[in-house]
Amino acid sequence: MDFLRPASWEEALAAKAAHPTAVPIAGGTDVMVEINFDHRRPEFLLDLNRIGDLCEWEVGEDSVRLGASVPYTGIMENLRGELPGLALASHTVASPQIRNRGGVGGNLGTASPAGDAHPALLAAGAEVEAESVRGSRLIPIDEFYTGVKRNALAADELIRAVHIKKADGPQQFSKVGTRNAMVIAVCAFGLALHPETRTVRTGIGSAAPTPVRAKAAEEFLNAALDEGGFWDNGKIITPSVAQQFAELCSAACNPIDDVRGTASYRRHAVGVMARRTLTWSWESYRGTAARTEGAA
Amino acid sequence: MPENGAPLGTPTKVTQGTPTKGGIGESTLRPDGVLKVTGEFAYSSDMWHEDMLWGQILRSTVAHAEIVSIDTGEALATPGVYAVMTYDDLPTDVKNYGLEIRDTPVLAHGKVRHHGEPVAIVAADHPETARRAAAKIKVEYRELPVITDEASATAPDAVLVHENRTDHHIGHVPHPNIVHRQPIVRGDADEAAKRADFVVKGEYTFGMQDQAFLGPESGLAVPAEDGGVDLYIATQWLHSDLRQIAPVLGLPEDKVRMTLSGVGGAFGGREDLSMQIHACLLALRTGKPVKIVYNRFESFFGHVHRHPAKLYYEHGATRDGKLTHVKCRIVLDGGAYASASPAVVGNASSLGIGPYVVDDVDIEAIALYTNNPPCGAMRGFGAVQACFAYEAQMDKLADEVGMDRVEFRRLNAMTQGTLLPTGQPVDSPAPVAELLRRVKAMPMPPERQWESSEGADVRQLPGGLSNTTHGEGVVRGVGYAVGIKNVGFSEGFDDYSTARVRMEVVGGEPVAVVHTAMAEVGQGGVTVHAQIARTELGVTQVTIHPADTQVGSAGSTSASRQTYVTGGAVKNACELVREKVLEMGRRRFGTYHPAWATAELLLEGGKVVTDGGEVLAGLADVLEGEAVEVEAEWRHRPTEPFDLRTGQGNGHVQYSFAAHRAVVEVDTELGLVKVIELACAQDVGKALNPLSVVGQIQGGTTQGLGVAVMEEIIVDPVTAKVKNPSFTDYLIPTILDTPTIPVDVLELADDHAPYGLRGVGEAPTLSSTPAVLAAIRNATGLELNRTPVRPEHLTGTA
């Protein structure tokens, strides 16, 4: 195994172009496990740790450009306001030591359905900045996950950053594991309210071959909220609406039975998390709306 | 005092008068504590030797198969490889090992019987080279049907896991795929059942738990010039290893010199050999030091696990709540090799009804040979599985009778003098009812403890930081359980220990050196032995010599026995040293003071004093440059085997009792559990080191919690292959899963034991699991007949 250590982003792109089978490594959360377990013997490892840019982020007008290697700890500590869903998800990643090294780029590169960042990225709305010697492009998150541990990257592309919409409303993230910390998701759920567009977006983890959105559930809820004037009147969402939303989220799952849980449990749990996160988010939205009105 | 006013027991006797500083009863600190916390402690995996090679084991990829061929050519031709060995390369006719039954091949011979069985070994100059070379060994298997449970093991046409058995159990087992069977019959359970107003039956399943010690199996074998080998190893019993290793190597035992290296936990998982013989074989073959370190994946295959079990129980009681009878059948899955299965059967059966008074019992316990992973010793050893089932039964029966669950237990609790199902009287305090009373009397943690002024503190809720609930669906449950564990090796085993104690003067100060072969695996023996020596010899400075085979056997660090037995041996050797020192004193100074002849003499503060406190001489003066050294064996009271048909016999030495109260919050919608408190009351006879005692109780409690809600090795029922050999999917409790564990320690002396002490380490592992399960049942109203309980069991989505 050859270990490539580019000193700059340009060198990294050149190396990836020269060795398309090279596996990029930054925090190593996923890659080192695969190597240690002998699940994978890449011909080349492409170490991105000398490229400082990847650990930086910029907060723009509408979105945050998050470097691929910004560690989860950094997101938790610095971007809680802009990216509340992703910050909550970051909190559930493994242990403090791993959160100090691992970043969203790794989750995206591995594209495991169990990656904790995915549901939050799907719910918030994000674009993956992929680059190669051929040029740079933005891949919408909805088109990024193409199969079990497969993504839309070309063989010569590297993930440079993720552009995530700044929260314009409450966001939530929930994850089920069979231990109260340091656990891989049995299933996970992300939800974001977007009052500006009057839409709700979702993300489901570990309950289908790829991270997915519950689109039918979103459409149902968007219509229900719109119809009842909920965004304006800030009323409590009726239990029947929340319940139907939950059921549609369950229906969006396509899970398997495995050593971490049953398919039936995953479907059930996603529904429970959908209902709860919707309730928390909506309560928070109503609270904010009420305060805003009061101030005005 | 219990409510009836009867005395609970006698106070503890201490041989030497006033306590010496750092003596027994004090919470002296572990000598290795700071090193371990700061990461400086040298574990066995940290060892290094110049010019050493690395050993690697090739393990079977299937559970049951004939080995058609093994081709080592390509592996041997790999640059950097020094040796590749298979069964054919074993040097003597002794090719198997085993704790009791030598049924385990050093390297597979013609057949593999479980997933991960060692087939070949490689030594190379780099661990990665060794690993790659091992992967190049071509093994052709012809797969055989797998035996995975009682039905497949005892079917008329079942394939035999071991053909041509010659062990001493084959004569009394009903099928060759049963390792051992122990019935225990006392009174007439069928007749007594007629008196029962209420009868409850239950079928229970206990999952396969792993010891999950954090320091993986590792050791270093160094070939010696005399043709022997020096082995530095993390183990639980040096001399037991030695007896199994030497014959395979074809060496006399004195040429296999073993030294204990830093042990990162054991919990029973190091009673069996792992890489010991493999490292020695490769070292002797290559003439170079060979180190072997398992990684976590291999560790899951490298040691035995706790027996998974099926347990079938029937309990009866009269209308006034008195137990009438118990019938039970305990089926333990021993996996492919016997390991400690026979003794686990003995424990499960003899302790199978728990710490209760029942005159009419009909018990049967068996251990199976299957193609599942081998199972053997783990903290609680057979008593754990039984406790999970009988405590579930006690709750069910209390509900039937209409009594409070704790009061029902107290009404039926054993006391000193109660006969076990084996007919053996419990001849030391048995404060079962009192422990239950105490644990129930502890203050309850506040309701809705997660609520704070800033909203819900998710760390206090099921799911923790995964943010699954802010209180929705959360229901509190409370559960109780109590258990009984035997201490020391039972059933007629000659369970002795050896201690060598030396007293000499160094730099004008008297110093004691304690040398035993006791494996310090984290239990605190090194701390306690020094305390005993200080108490018995009245010195401050005690050196604990590294454990090795240059001194007699200390027996195993298991069965909660080391403080009792090796502690007893150290105490005994110290007493003999003390006598010798006093004799020297009498010879030297006897004529100067009449008290030398007439008074009771003690060693205190580095001096010889009378029991009246008068100083007669300093130890430095008495010893005058001479050293006094004694090596002596020490035994607890002998025990007897259980009768093979009736199970009667005085099989046990001592008992340890603990009771738990579990308080849980269950997210009933998501099936997630947060154990918020696990209160424990335990009788320890005498707490030689109160801090260590509490540590043991909290650790055992947590290990019991683990198998209640998360810990399980999952074996595929079709292939018998292990599905989760990693800490990613074999989950053990983190600190966020570990509740507050208030501990109430009772000290009622067992007059048969040194200082009246009782073994401590295992009892809390027993009752913790059923207490948590009872609390979850209490919160959910579900029956929950298996452990560990998983979210799908609590949500109807299994």
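Visitor: Against which elements do the buried residues of helix H11 of chain B pack?

Guide: A residue is buried if 20 or more other C-beta atoms, placed from the backbone, lie within 10 Å of its own; contact means C-beta atoms within 7 Å. Helices (H or I, at least four residues) and strands (E, at least two) are DSSP runs, numbered from the N terminus. In this case, the partners are strand S17 (323–333), helix H10 (383–401), helix H12 (432–441) and strand S22 (474–487) of chain B. This is a predicted model, in which local features need pLDDT of at least 70, side-chain atom pairs count only at pLDDT 80 or more, and totals for chains, interfaces and linings use all residues. Residues are numbered from 1 along each chain as its sequence is written, with chains lettered from A and ligands numbered from 1 in written order.

Visitor: Why is H11(B) described as largely enclosed?

Guide: Of its 8 residues (405–412), 6 are buried, so the rest of the structure largely encloses H11(B). Among the buried residues are B:Val406 and B:Phe408, together with B:Arg405, B:Arg409 and B:Arg410.

Visitor: How is strand S17 of chain B joined to strand S16?

Guide: Strands pair if DSSP finds at least two bridges between them. Here, 9 bridges join S16(B), residues 309–317, to S17(B), and the two run antiparallel. B:Glu314 stands opposite B:Lys327 of S17(B). Both strands belong to an open sheet of 6 strands with mixed pairing, ordered S9-S18-S17-S16-S10-S33 in chain B. Its edge strands, S9 (178–186) and S33 (786–787) of chain B, each pair on one side only.

Visitor: How many residues does each chain give to the contact?

Guide: Chain A gives 28 residues and chain B gives 30. On the side of chain A, the largest share, 8 residues, comes from H11(A).

Technical notes
A residue is buried if 20 or more other C-beta atoms lie within 10 Å of its own, exposed if 12 or fewer, and partly exposed in between; C-beta atoms are placed from the backbone. Two residues are in contact if their C-beta atoms, placed from the backbone, lie within 7 Å.
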